[in-house]
Amino acid sequence: MGSLENMLALVTGASRGVGKGVALGLGEAGATVYVTGRTAETGNDQTGLLGTIQETAEGVNRLGGIGIPVRCDHTNDHEVEALFEQIDREQNRLDLLVNSVWGGYERMFVNNEFTWQHTFWQQPIWRWDAMFNAGVRAHYVASTLAAKRMVKQGSGLIINISFWAAQKRIGNVAYGVSKAATDRMTVYMAEELKPHGVAVISIYPGLVRTESVMRAAEFMDLSNSESPQFIGRAVAALASDHDIMKRTGTVCVAATLGREYGFSDIDGKQPIPLTIDDV
């Protein structure tokens, strides 16, 4: 992978989980990374999980990049617009947007009952809203603002974090529909942006050792799992590919990219790529 020292990136939803891993992966490649999310103070998050945008930005700095934390609620259009205006003032360009913000995993338990795998008519309606408002719609809004800037500069890359649920029922109906919407959005945006030299790609992680996954580690087989930073290395590999337009409009699997580009996880392992039959 090449150096990303001159790359300006924005990673949404990066206080923890996959978003944090993406920011760290870009940081170790030398990128300047705007790190956004709602959690600016430890203990000020309804999930109860640790992690703040400041901590992620500090991690980017330690790894050799430049981390810039900006608190942003991506369900608030005014805050998102202000974020992009800040990037305009401070950088006057944007090379990479990674849409990782995701509200779909919040409140997995309702009245002490795990409701994630219930049938759609037993699901709380707010779960649909969480997946679309703090997921698909948030990705759409950020991509719209990024595209305006990237088209003007004649280059750029937008990456949407998605998953196999787009192609196979995993978990619940709302989850699958939201991921399918993300993948179709990738395809259609790619068609419109291709003439302007801007690529759009969906990327699937495997089983990622996020903070929430590690809460249940004793009940899971983590033998083929990935660190959050592994998908960050996958994003960095795509961002450093000078022939990236050949992948625009496609779905990429992080572990497959590891084999194609020749990078491994932080523990030196190379996860086995999953297929639709495995998930």
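**Briefing: fold, buried helices and selected residues**

At 65% relative accessibility, Asn 92 counts as exposed, because the cut-off for exposed is over 50%. This is a predicted model. The protein chain holds eight helices and nine strands. Of its 279 residues, 55% count as buried.

**Asn 92**
- Asn 92 sits in the loop that links H3 and E4.
- Its phi is positive, about 60°, although Asn 92 is not a glycine.
- Most residues other than glycine have a negative phi.

**Whole chain**
- A compact globule with 279 residues would have a radius of gyration near 19 Å. The protein chain has 17 Å, which agrees.
- The C-alpha trace spans about 50 × 40 × 35 Å along its principal axes.
- Take the contacts in the protein chain with a separation of 6 or more: residues 24 or more positions apart account for 70% of them.

**Helix H7 (residues 228-239)**
- H7 has 12 residues, and at 1.5 Å a residue it should span 16 Å. Its end C-alpha atoms are 17 Å apart, which agrees.
- H7 is mostly covered, with 12 of its 12 residues buried.
- The buried residues run from Pro 228 to Ala 239 and include Gln 229 and Arg 233. Also among them are Phe 230, Ile 231, Val 235 and Leu 238.
- Helices H1 (17-28) and H8 (254-261) are part of what covers the buried residues of H7.
- The cover also includes strands E4 (96-99), E7 (156-161) and E8 (198-204).

**Helix H1**
- Because 10 of the 12 residues of H1 are buried, the helix is largely enclosed by the rest of the structure.
- Glycines among the buried residues of H1 are Gly 17, Gly 19, Gly 21, Gly 25 and Gly 27.
- The buried residues of H1 also include Val 18, Val 22, Ala 23, Leu 24 and Leu 26.
- Gly 30 follows H1 and has a positive phi, near 95°.

**His 74**
- His 74 lies in the loop between strand E3 (66-71) and helix H3 (77-90).
- The relative accessible area of His 74 is 4%. His 74 is therefore buried, as the cut-off is under 20%.
- The side chains of His 74 and Thr 36 are joined by a polar contact of 2.8 Å.
- Leaving out residues up to four places away in sequence, His 74 touches Thr 12, Thr 36, Val 80, Leu 83, Val 101, Asn 133 and Ala 138.

**Cysteines**
- A search of the whole structure finds zero disulfides.
- Cys 72 has a relative accessible area of 2%, so it is buried.
- Cys 252 is buried as well, with a relative accessible area of 4%.

How values were computed: Residues are numbered from 1 along each chain as its sequence is written. This is a predicted model: local features need pLDDT of at least 70, side-chain atom pairs count only at pLDDT 80 or more; totals for chains, interfaces and linings use all residues. Side-chain values use heavy atoms; hydrogens and water are left out. Helices (H or I, at least four residues) and strands (E, at least two) are DSSP runs, numbered from the N terminus. The expected span of a helix is 1.5 Å times one less than its number of residues. Buried means under 20% relative accessible area, exposed over 50%, partly exposed in between (1.4 Å probe, protein chains only). Contact means heavy atoms within 4.5 Å. A disulfide is a pair of cysteine sulfur atoms within 2.5 Å. The radius of gyration is taken over C-alpha atoms; the globule rule is 2.2 Å times the number of residues to the power 0.38. A polar contact is a pair of N or O atoms within 3.5 Å; within protein, one must be able to donate a hydrogen and the other to accept it, and residues adjacent in sequence count only if both atoms are side-chain atoms.
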